[in-house]
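Here is a short briefing to read alongside the model.

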Amino acid sequence: MAKVIIQPDSASLITFTAQRIANMIHATLQLNARFSLALSGGSTPRPLYERLAAEPYASGLDWAKIYIFWGDERCVPPEHTDSNYQMAYEALLSRVAIPKENIYRLRGEIDPTQAAADYEQDLRTFFADENELFDLALLGMGDDGHTASLFPGTAAVHEMEKWVVAHHIEKLQAWRLTLTPGALNRSANIMFLTSGGSKADMLRQVLEGEYQPATYPSQVIKPANGEVVWLVDTAAAAKLTPKP
Ligand code: 6PG
């Protein structure tokens, strides 16, 4: 069962999440030489990335030991305004002392099938133990229940063997690159960051409804040996059944 943490508003949600991530990085780096972090796209995480780029995190985190990946990417060049890489670069990566070699991006500018195969290879090389991928994967949820670029009704939602796929999303009329449940469910920690009233009905459906991942892809995120935490604001949590 996923854990849900509710914060009063979107500003406190960002403050809380940044501190939780920083605590996790510090704790992991006490034991391990590196911390692997998969970032999400969309609009919700931008203020989180900006917060992590500010003090106390800019100089308090050991950025040289942090390795950055993405859960999904749009098929556009890295300087494009729709690029998830570009958003994270502007908001965070260009502002902290992270070595360029620590940044593993999905190449939205090349043939999507090739980009997916290349990223799969990058992941399989980086993660020596194929059962333990990211220390932390950040995810968001769309109003339709998608997460990463795992959209309702797509085969990618059920992909457990391949770690990365490229697929054409009919309703967006666009190609997307996405990590699959086969990869994301090998994370040690997953944090879903969800805010705003437009997500309230879907959040209830995903967390309290029947298990129907083909329709509600966020439900498929259930790491075998990891923890899932939903970090939400009161607006997004408005339709959840109150806990006694
Ligand atoms: C993307 C995503 C996507 C996102 C959700 C939520 O590239 O669009 O990674 O899965 O997390 O669509 O997006 P918002 O934060 O904009 O609501």
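Let's begin at the N-terminal end of helix 4, which is capped by serine 83: a side-chain oxygen of serine 83 lies 3.2 Å from the backbone nitrogen of tyrosine 85. Please bear in mind that this is a predicted model.

- Helix 4 spans residues 84-91, and six of its eight residues are buried, so the helix is largely enclosed by the rest of the structure.
- The buried residues are Asn84, Tyr85, Gln86, Met87, Ala88 and Ala91.
- Which elements cover them? Among those that do are strand 2 (35-39), helix 2, strand 3 (66-70) and strand 4 (72-74).
- Asparagine 84 also takes us to the ligand: a polar atom of its side chain is 2.8 Å from a ligand oxygen.

**The ligand site**

- How many residues surround the ligand? There are 15 of them, and the closest are Thr44, Asp72, Arg74, Ala148 and Lys199.
- Sorted by class, this shell has nine polar, four charged and two nonpolar residues.
- Arginine 74 places a side-chain N or O atom 2.7 Å from an oxygen atom of the ligand.
- Histidine 146 has a polar side-chain atom 2.7 Å from a ligand oxygen.
- Of the 420 Å² of accessible area that the ligand has on its own, the protein covers 88%.

**Salt bridges**

- Side chains of opposite charge can pair when their charged atoms come close. In this model there are 11 salt bridges.
- One of them joins arginine 46 to glutamate 50, with 3.9 Å between the closest N and O atoms.
- Where do arginine 46 and glutamate 50 sit relative to one another? Both belong to helix 2 (residues 46-52), and because they are four residues apart, about one helical turn separates them.
- Arginine 46 is partly exposed, at 30% relative accessible area, and glutamate 50 is partly exposed at 30%.
- The pair also belongs to a network of salt bridges that links Arg46, Glu50 and Glu90.
- Arginine 105 and glutamate 109 form another salt bridge, in which the closest N and O atoms are 2.7 Å apart. Arginine 105 is partly exposed, with 22% relative accessible area, and glutamate 109 is partly exposed at 35%.
- A salt bridge also connects arginine 124 and glutamate 130, at 3.7 Å from N to O. Here arginine 124 has a relative accessible area of 33% and is partly exposed, while glutamate 130 is partly exposed at 42%.

**Histidine 167**

- Histidine 167 lies in strand 6, which runs over residues 164-169.
- Is histidine 167 buried or exposed? With a relative accessible area of 11%, histidine 167 counts as buried, because that value is under the 20% cut-off.
- A polar atom of the histidine 167 side chain is 2.9 Å from the backbone oxygen of serine 149.
- Leaving aside residues up to four places away in sequence, histidine 167 touches Ser149, Thr154, Ala156, Ala174, Trp175, Arg176 and Thr178.

Definitions and conventions
Residues are numbered from 1 along each chain as its sequence is written. This is a predicted model: local features need pLDDT of at least 70, side-chain atom pairs count only at pLDDT 80 or more; totals for chains, interfaces and linings use all residues. Side-chain values use heavy atoms; hydrogens and water are left out. A residue is near a molecule or strand if one of its heavy atoms lies within 4 Å of it. A polar contact is a pair of N or O atoms within 3.5 Å; within protein, one must be able to donate a hydrogen and the other to accept it, and residues adjacent in sequence count only if both atoms are side-chain atoms. Accessible areas come from the Shrake-Rupley method with a 1.4 Å probe; for residues, only the protein chains shown count as cover. Ala, Val, Leu, Ile, Met, Phe, Trp, Tyr, Cys and Pro count as nonpolar, Asp, Glu, Lys and Arg as charged, and the others, Gly among them, as polar. A salt bridge is a side-chain nitrogen of Lys or Arg within 4 Å of a carboxyl oxygen of Asp or Glu. Helices (H or I, at least four residues) and strands (E, at least two) are DSSP runs, numbered from the N terminus. Buried means under 20% relative accessible area, exposed over 50%, partly exposed in between (1.4 Å probe, protein chains only). Contact means heavy atoms within 4.5 Å.
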